[in-house]
Amino acid sequence: MKTFMERLTEEELLILDGALGTELESRGYDVSGNLWSANYLLENPQVIKNIHLDYLMAGADLLTTSSYQATIPGLLAAGLTRNEAIEVIRLTVRLAQEARDAFWKALSDEERSQRRYPLIGGDVGPYAAFLANASEYTGDYGGVTVEALRSIHCERMAILLEAGVDFLCIETIPNRWEVEALLQLLAEEFSESQAYLSLVSLDGEHLPDGTELSEIAHQVDQSSQVLAVGINCSAPDILDQALEYLKQGCQKPLIAYPNSGEIYDVGTESWQALPADAPSLLDWARRWQERGTKILGGCCRTRPEDIAVLARGLKHSDKLERN
């Protein structure tokens, strides 16, 4: 099996999976608690595995574990022991691996020749996910120190890597100090690991905490563990500018997996549909691919059918690697 670095070097495009919480909600599961989608690692892990499988069937080349909201502190606060919390994080890897194994086994030889063997990224969500206060959109962590952020992230990263993920998927990062903590950890504690780093931006120019994306790009460019950088959990119409700022400051491949573009109406507590003439996720993805983005997928409010549209619209079978 090729490594994440080899795939990035050799492939023109890699399709990432889409949202987990959105898909759980669409299937009738309540994701309103602090553990969010991680609650179903405790109550119904099979549904997580099924969603992984659906994303693979849709055409995803990269599958992310369900550990975004699964942190040691969060699981302890939910009443688990430390050993139980560690096992839950290991379970996120096992579920993704089992889904990949089942998917690959079910393919014919001809079908395998038209697909890349999927890689599994260990999802490292932001400190904001533990806080569960929407601070991924403000970057306001209440003065938490870099050392504290290192401690919060370190154990989960170690568990994911020990459990056998192919790379780390560090995503939805809104705060410069969190970027610094993560880059330090990768260099000092996980120097043999491979990762990507995906940020949040509300205006296409800054992190939510006000830090310029160009400043972050220069930091990331110095990391030998971070192999790609990009934007997720942001509106698609700001990604053009955001990706350009990252591209100017960093020579690494780019990643783009935005939210659907729908707007949440606080008054009605509902998502407002996109106008009929709004660009589709595929329209945006084609634009970003033309500008050199290598990893494309979806974040909040995207589903397996959206990833299937991306896979069909962006892939060309004659360019796919024969495994």
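Predicted model: local features only at pLDDT ≥ 70, side-chain atom pairs only at ≥ 80, totals over all residues.
Two strands count as paired here if DSSP finds at least two bridges between them, and helices (H or I, at least four residues) and strands (E, at least two) are DSSP runs numbered from the N terminus. Residues are numbered from 1 along each chain as its sequence is written, and side-chain values use heavy atoms, with hydrogens and water left out.

Let me start with the sheet. It is an open one of 8 strands, in the order β1-β10-β7-β6-β5-β4-β3-β2, with parallel pairing, and its edge strands, each pairing on one side only, are β1 (14-15) and β2. Strand β3 (residues 119-124) runs parallel to β2, to which 3 bridges join it, and leucine 63 stands opposite isoleucine 120 of β3. Towards β4 (residues 167-173), again parallel, there are 4 bridges, and glycine 122 has leucine 168 in β4 as its bridge partner.

Is β3 enclosed or exposed? Since 6 of its 6 residues are buried, β3 is largely enclosed by the rest of the structure, where buried means under 20% relative accessible area, exposed over 50%, and partly exposed in between, with a 1.4 Å probe and protein chains only. In a regular strand the side chains alternate between the two faces of the sheet. In β3, Leu119, Gly121 and Asp123 point one way, and Ile120, Gly122 and Val124 the other.

Turning to the nonpolar core, by which I mean a set of buried Ala, Val, Leu, Ile, Met, Phe, Trp, Tyr and Cys residues joined through side-chain atoms within 4.5 Å, the largest one has 78 residues, and those touching the most other members are Met157, Leu168, Ile170 and Leu199. Helix α6 (residues 82-106) gives this core its largest share, 11 residues. If we leave out residues up to four places away in sequence, methionine 157 touches Val124, Leu168, Ile170, Leu182, Leu185, Leu186 and Phe190, contact meaning heavy atoms within 4.5 Å.

Next comes helix α4 (residues 45-58), whose buried residues are Val47, Ile48, Ile51, His52, Tyr55, Leu56 and Ala58. Their cover includes α2 (21-26), α3 (39-43), β2 (62-64), α6 and α14 (304-314). Just after α4, glycine 59 takes a positive phi of about 120 degrees.

Finally, the charged pairs, where a salt bridge is a side-chain nitrogen of Lys or Arg within 4 Å of a carboxyl oxygen of Asp or Glu; the structure holds 20 of them. One joins lysine 49 to glutamate 98, with the closest N and O atoms 3.4 Å apart, and this pair links distant parts of the chain, α4 and α6, across 49 residues. Another joins glutamate 188 to arginine 150 at 2.9 Å between the closest N and O atoms; glutamate 188 counts as exposed at 52% relative accessibility, whereas arginine 150, with a relative accessible area of 11%, is buried.

There is also a network of salt bridges that links Glu23, Arg27, Asp54, Arg303 and Glu305. Glutamate 23, in helix α2, counts as buried because its relative accessibility is 3%, and, leaving aside neighbours within four places in sequence, glutamate 23 is in contact with Ile51, Arg303 and Pro304.
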